Amino acid sequence: MSATVVALAPVAPSLIIVDTSVLLQVIATEQLGCLRGLRSCFGIQSAIVDAVHSEASTILKTVPRFMGRQEQLKRACTNGTLPVVSRDWMMASYGGTGSALLQQINAKGEELAGHVDRGEAYSHAASACLDSLIATNDTNAVNVLIRMKEFVPRPVLRFWDLMVLAFQSDLLTAAECDKVRQTLAKLNERTDPAFKGRPFMEGLSNFYPRIVDGTKDPVGAREPQERMDFRLPIHRLTAAPAI
């Protein structure tokens, strides 16, 4: 088992690996457009590993509160919004090193699967091997890997980091963010404590965004609220979003 320390992500991230917990909330709240906005505005591609694709596909078919949304995942994976980290995608994205990198991801994912859930294991493996950010709500898995001294790029993004970035970047309005909050509550989905039982704008003052639009005025809490809070400013590529 490798023994590495928690490390900072690149200053200008180009990839976010999305785990099952965040993916399901993005789909359930119909916010795949935010992922397209990340790509068009900031040049940041979102992707999922095969283990997450399998987990999410099964949940979307069998868990009542998520059923009926399979087509959203299918479209996102085929139109470039949320590609699966496959051999073809790796070769297209990383050229001659793609195959070797995928082998590293699979080997590390299999190793980590003995300690955390399979989707989390392969998502963190991809994040580490590709030196990319990860979006996950599973703080337990993150803490397990940190205690193991595994490589966990920071900041570790949560669902609400993506939504607040979309709000700050004018991809979503405050009313749309509050609708997202209400939808999660109706589904009995876990949400950040800052937004639990509070309107979006009220909760925002207690939420510390871990990724922010450096070209916009700051939003949210000024000081870190949790041990893993670390803020990464990013800068947009274009003046107008296209989602």
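**View 1. Strands β1 and β3 pair side by side in the parallel sense.** In this predicted model, three bridges join β1 to β3. One of the residues to look for is Ile17, whose bridge partner in β3 is Ile134. Strands of a sheet, in general, pair through backbone hydrogen bonds, and they may do so in a parallel or an antiparallel way.

**View 2. Strand β1 also pairs with β2, again in the parallel sense.** Here β1, which covers residues 15-18, is joined to β2 over three bridges.

**View 3. The three strands form an open sheet in the order β2-β1-β3.** The pairing in this sheet is parallel. β2 (45-47) and β3 (133-135) stand at the edges with a single partner strand each, so one side of each has no neighbour in the sheet. From one strand to the next, the twist averages 30°.

**View 4. Helices α3 and α4 cross at roughly 155°.** Helix α3 spans residues 50-62 and helix α4 spans residues 70-78, and their axes come within 9 Å. The crossing makes α3 roughly antiparallel to α4, because angles over 145 degrees fall into that class. Which residues meet where the helices touch? From α3 come His53, Ala56, Ser57, Leu60 and Lys61, and from α4 come Gln70, Leu73 and Cys77. By type, the residues of this contact divide into four nonpolar, three polar and one charged.

**View 5. Asp131 has a positive phi without being a glycine.** For background, most residues other than glycine have a negative phi. The phi of Asp131 is about 55°. You will find Asp131 in the loop between α7 (118-129) and β3. Its relative accessibility is 39%, so Asp131 counts as partly exposed.

**View 6. The loop between α8 and α9 holds Lys149 and Pro155.** Helix α8 runs over 139-147 and helix α9 over 159-168. Lys149 is not a glycine, yet its phi is positive, at about 65°. With a relative accessibility of 52%, Lys149 counts as exposed. What joins Arg154 and Pro155? The link is a cis peptide bond, with omega at about 0°. For comparison, most peptide bonds are trans.

**View 7. Phe195 and Phe207 form a tilted aromatic pair.** A pair of aromatic rings is described by how far apart the centres are and by the angle of the planes. For Phe195 and Phe207, these values are 5.3 Å centre to centre and 45° between the planes. Phe195 sits in the loop between α10 (174-186) and α11 (200-204), and Phe207 in the loop between α11 and β4 (211-213), so the pair ties together parts that are 12 residues apart in sequence. Both Phe195 and Phe207 are buried. Stepping back, the structure holds seven aromatic pairs. Ring pairs link Phe159, Trp160, Phe167, Phe195, Phe200 and Phe207 into a cluster.

**View 8. Asp178 is a buried residue of helix α10.** Its relative accessibility is 15%, below the 20% cut-off, so Asp178 counts as buried. Which residues is Asp178 in contact with, leaving aside its neighbours within four places in sequence? They are Arg198, Pro199 and Phe200. Phe200 also belongs to the ring cluster of the previous view.

**View 9. Tyr208 is buried in the loop between α11 and β4.** The relative accessible area of Tyr208 is 9%. Although Tyr208 and Asp161 are 47 residues apart along the chain, their C-alpha atoms are separated by 8.3 Å. Not counting residues up to four places away in sequence, Tyr208 touches Arg158 and Asp161, along with Ala221, Arg222, Glu223, Pro224 and Gln225. Asp229, Phe230 and Arg231 are also touched by Tyr208.

Definitions and conventions:
Residues are numbered from 1 along each chain as its sequence is written. This is a predicted model: local features need pLDDT of at least 70, side-chain atom pairs count only at pLDDT 80 or more; totals for chains, interfaces and linings use all residues. Side-chain values use heavy atoms; hydrogens and water are left out. Two strands pair if DSSP finds at least two bridges between them. Helices (H or I, at least four residues) and strands (E, at least two) are DSSP runs, numbered from the N terminus. Axes are lines fitted to C-alpha atoms, for helices over the stretch in contact, and angles run from 0 to 180 degrees between N-to-C directions. Angles under 35 degrees count as roughly parallel, over 145 as roughly antiparallel, 65 to 115 as roughly perpendicular and the rest as oblique. Contact means heavy atoms within 4.5 Å. Ala, Val, Leu, Ile, Met, Phe, Trp, Tyr, Cys and Pro count as nonpolar, Asp, Glu, Lys and Arg as charged, and the others, Gly among them, as polar. Buried means under 20% relative accessible area, exposed over 50%, partly exposed in between (1.4 Å probe, protein chains only). Rings of Phe, Tyr and Trp (its six-membered ring) pair if their centres lie within 6.5 Å; planes under 30 degrees apart count as stacked, over 60 as edge-to-face and the rest as tilted.
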